[in-house]
Amino acid sequence: MDRLQPPRENYANPKTCFFHVFFKAAALAFYILSALFFNSFVIIFVVTVLLAALDFWVVKNVSGRILVGLRWWNEINEQGESVWKFECLDQESLARVNKKDSWLFWWTLYLTAVAWIFLGIFSLIRFQADYLLVVGVCLSLSIANIVGFTKCRKDAKKQIQQFASQTIASRFSSTLQSAFSVV
Amino acid sequence: MSYGGAAPLHQSSQSDIDEIENLINDSVRFGPATILPARPPSSPRASIPVSSSPFVPSALHPLPSSNKKPLPHFAVPSFSAGPSPQGIATDGLGPPTNTLTEPIWDTVKRDLTRIATNLRLVVFPNPNREDPGKALRDWDLWGPFFFIVFLGLVLSWSASVKKSEVFAVAFAVLAAGAIILTLNVLLLGGHIIFFQSLSLLGYCLFPLDIGALICLLGSNVIIKMMVVLVTFSWSSWAAYPFMSTAVSSRRKALALYPVFLMYISIGCLIIAVD
């Protein structure tokens, strides 16, 4: 796969990119290939779901932060309501994010979900309910990450626009102030 | 007084501080799902004197078991004068101390601490049990995931035939059961948060896990029944305060009965698996 080989321009965080792809690929590969080697459904289930859960954690906590500078989580505030919080780097850092990194990040996120959907359709056709359970769990983990990061990115763009317009306005007014104070 | 280039820089920085303050106040006022931009310490504004800013650059590392409150996280990277290296990490494992680029071990440690804290709060006696909403504020699903998988594995190991089916059934029953129980509470008009309740029901499986492990090691039916009885009552005792305070008192039994039923059936499964 080309994604894993260093191209002409470098990835800024090769180790993070590797781990980002590794757990996804490992979960998919293990699920697909294990039917050839293992008879036991339990091992397939536990290992695949464990890899998918590790991948979820890595994407949410590590590669999301490092590759695209986004983070999302859920909190329960004082009134006992659940609040989704999004966090992003400021605009300079976001502009400095490596294009290849973020391309890899988003594309592998979407492709994994599509792959799990295909596998789910296969197991549905074969009437294997227990394999459908595995696919269901892995798919819901992927979709959770996709939804979280997409919302985060949209809010980040909105916030940056707001911030930029406020910065321009305040710089303008402070320039005016300094101009008049010098006089 | 103006000195050449210094005053305009200071003025614009000062106004930037003000606008950052306004942003924070606005975002706190306007409620959920707002973006809080976090700046890395490489920003040139790190040299601003502390007295002009309301934020204290004392806590460079997030506290391990606290909620991830957005305000200190936002403030610390902007104005930290600490010994953090400049620039965003180019390598994933040795980044500067910043909320968005904190060391990975910090994240791992924080998550592990959170699992341990939640377990302690839910399952063991502690003074916070009267206010259940506060106790599991920092919910997480890792603990429940491990406990469900562990219970499934132990049951599957104890079974001499149909191991895969036992595992699949145990996992599906527990996962679907937790979801349905939560929906039950919500439909009864209770005030509970979906994930918080899932997390709680998962953590309350811990005593049954211990019971299943003991039953795996011993073989006498009477001993198994005693062990399962003890651990079942421990699980129910753990789950009781959260569930009962979530619904109105007239409907308490309606909310609690399915929970007990689920734990009893898991207990019977533990005894019956042979």
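A:Arg153 is partly exposed, with a relative accessible area of 31%, where buried means under 20% relative accessible area, exposed over 50%, and partly exposed in between, using a 1.4 Å probe and protein chains only. This is a predicted model, in which local features need pLDDT of at least 70 and side-chain atom pairs count only at pLDDT 80 or more, while totals for chains, interfaces and linings use all residues. Side-chain values use heavy atoms, with hydrogens and water left out, residues are numbered from 1 along each chain as its sequence is written, and chains are lettered from A and ligands numbered from 1 in the order in which they are written.

A:Arg153 is found in helix α5 of chain A, which covers residues 129-182; helices here are DSSP runs of H or I with at least four residues, strands are runs of E with at least two, and both are numbered from the N terminus. Together with A:Lys151, A:Lys154 and A:Lys157, A:Arg153 forms a positive surface patch. Such patches are made of residues with over 30% relative accessible area and no salt bridge, like charges being joined within 9 Å and nonpolar side chains (Val, Leu, Ile, Met, Phe, Trp, Tyr) within 5 Å.

Helix α5 of chain A also holds A:Lys158 and A:Asp155, which are three residues apart and so separated by about one helical turn. These two residues form a salt bridge, with their closest N and O atoms 3.8 Å apart; a salt bridge is a side-chain nitrogen of Lys or Arg within 4 Å of a carboxyl oxygen of Asp or Glu. A:Lys158 counts as exposed at 52% relative accessibility, whereas A:Asp155 is buried, with a relative accessible area of 15%.

Over all chains, the structure holds four salt bridges. One of them joins the side chains of A:Lys24 and A:Asp55, at 3.1 Å from N to O. This pair links distant parts of the chain, since A:Lys24 lies in helix α1 (residues 14-37) and A:Asp55 in helix α2 (residues 41-68) of chain A, 31 residues apart. Both A:Lys24 and A:Asp55 are buried.

In chain B, the side chains of B:Lys109 and B:Asp106 meet in a salt bridge of 4.0 Å, N to O, and both residues lie in helix α3 (residues 104-123), about one turn of the helix apart. B:Lys109 counts as exposed at 52% relative accessibility, while B:Asp106 counts as buried at 19%.

Technical notes. Accessible areas come from the Shrake-Rupley method with a 1.4 Å probe; for residues, only the protein chains shown count as cover. Lys and Arg count as positive and Asp and Glu as negative; His and the chain ends are not counted. The place of a charge is taken as NZ of Lys, CZ of Arg, CG of Asp or CD of Glu.
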